[in-house]
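Here is a friendly walk through a few local features of this protein. Have the model open beside you as you read.

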Amino acid sequence: MHASTFIIYGAYGFTGQLVAELAVSKGLQPILAGRDEAKTKALAEKLNLPWEAFSLDDSNTLNRLLKSADVLLNCAGPYSATAKPAMIGCLKNNCHYIDITGEMEVFEYAASLNAAAQEAGIVIIPGCGFDVVPTDCLATFLHAHMPDATHLELAFKGAGSLSRGTALTVVENIHKGGMIRENGELKAVPTAWKTRKIDYGKGPRISMSIPWGDVSTAYYSTGIPNIIVYTGVAPKAIRFAKLSRYITGILKSNWVQKKLQEYVRKNIKGPTEELREKTQSFVWGEVRNAGGKILHASLTTPEAYKLTAITALMATEKVLKNAPEAGFKTPSLAFGPDFILEVEGVSRHLHKELIENE
């Protein structure tokens, strides 16, 4: 194997293309791959890179490629469909696995493969994009400052423009409600189960709880047993989210799913380059211990999709150069809580310790 050999699967998707372009700008030569032959070939010819078109169900082609690669970077969502065959292929062929998912089920499945990954001598590191690098690193940073924390709350606010792949994942999961971690266990809760005001750098903004990936990953990173994640939204979005609790049957019906997916494919393209370059995202975290002490920290980062391309490629390069100890890893377990600070334009602030109800 050659140390620089890696595959970007889903390379022609919105984020996959950003990663591929960034890789080329750094002088790297990944193999581009995806299910659609015409799209994969067109991007590969544009970037002058090798390519393969295949479905992850094609185990013969997948195994052939993984045998001669060091890392598979999976950028093809929804990861509920692509992560399992890709991870199994990596286990069979001793190839490291990285993706940019934010899907909780994928994180839990990856964690279940820890022993198998250790035996295969590979690392499995899902969530190496905006989902969940900044929040995961902030959670680990806060835990280091309050090792006896019993509760963790995280939140983020971005530009609000989604890629087509992310929007399709939202549609797929829109009927499933919320999720928190309580006493170490995942617990299903209603959509927009809790709201609170959070200062994202420009004054308090109403935020609602969401089933973000850190409900899974932050527990593995920190061991904190109670976790909730929020996002800053408009009040009308909270009203719609709460309304959706009563129409889950309609939202998951084949007809509605089909119509929503058709709308996304026709109308959602992702943030423009101008938006990616001029906007920022803000991440906030809070830990609390049994004595009522509270600690806050925050991160300011580049726009979410720009950050995803950067951190996904950074993670890939780190694994190619010096892979962490084999097994399932969250981004902060693999690379440390300061991993996010390696990205240009990121700043982190630890706020003064407070006493609850002071």
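## Helices α1 and α2

A helix axis here is a line fitted to C-alpha atoms over the stretch in contact, and angles run from 0 to 180 degrees between N-to-C directions. Keep in mind that the model is predicted. With that in hand, look at α1 (residues 14–25) and α2 (residues 37–47): they pack at an angle of about 20°, and their axes are 11 Å apart. Angles under 35 degrees count as roughly parallel, so α1 and α2 are roughly parallel to each other. Their crossing is right-handed.

On the α1 side, the contact is made by Gln 17, Ala 20, Glu 21 and Val 24, while α2 brings Leu 43, Lys 46 and Leu 47. Sorted by class, this contact of α1 with α2 has four nonpolar, one polar and two charged residues.

## Helices α3 and α4

Now turn to α3 (residues 59–67) and α4 (residues 79–93), which pack at an angle of about 50° with axes 9 Å apart. That angle makes α3 oblique to α4. The crossing of α3 and α4 is right-handed.

Which residues of α3 and α4 meet? Leu 62, Asn 63, Leu 66 and Lys 67 come from α3, and they meet Pro 85, Gly 89, Cys 90 and Asn 93 of α4. By class, the contact of α3 with α4 has four nonpolar, three polar and one charged residues.

## Backbone details in the loops

Some loops deserve a look at the backbone. Beyond α4, in the loop between α4 and β5 (96–99), sits Asn 94. Asn 94 is a residue other than glycine with a positive phi, near 55°.

Another cis peptide bond runs from Asp 131 to Val 132, with omega near 10°. Val 132 belongs to the loop between β6 (123–125) and α7 (133–145).

## The second largest pocket

The second largest pocket has a volume of about 310 Å³. Its lining consists of Lys 157, Gly 158, Tyr 200, Lys 202, Gly 203, Pro 204, Arg 205, Gln 280, Ser 281, Phe 282 and Thr 300.

Which strand gives the largest share of this lining? Strand β13 does, with three residues. Both β11 (204–210) and β13 (280–289) supply at least two residues each. By class, the lining of the second largest pocket has three nonpolar, five polar and three charged residues.

Key
Residues are numbered from 1 along each chain as its sequence is written. This is a predicted model: local features need pLDDT of at least 70, side-chain atom pairs count only at pLDDT 80 or more; totals for chains, interfaces and linings use all residues. Side-chain values use heavy atoms; hydrogens and water are left out. Helices (H or I, at least four residues) and strands (E, at least two) are DSSP runs, numbered from the N terminus. Angles under 35 degrees count as roughly parallel, over 145 as roughly antiparallel, 65 to 115 as roughly perpendicular and the rest as oblique. A crossing is left-handed if the near helix is turned anticlockwise from the far one by less than a right angle, and right-handed if clockwise. Contact means heavy atoms within 4.5 Å. Ala, Val, Leu, Ile, Met, Phe, Trp, Tyr, Cys and Pro count as nonpolar, Asp, Glu, Lys and Arg as charged, and the others, Gly among them, as polar. On a 1 Å grid over the protein atoms alone, a cavity is a set of points where a 1.4 Å probe fits but cannot get out, and a pocket is an open set with protein on both sides within 12 Å along at least five of seven lines; lining residues have an atom within 4 Å of a point. Grid points are joined across faces, edges and corners, and a volume is the space filled by probe spheres set on the points.
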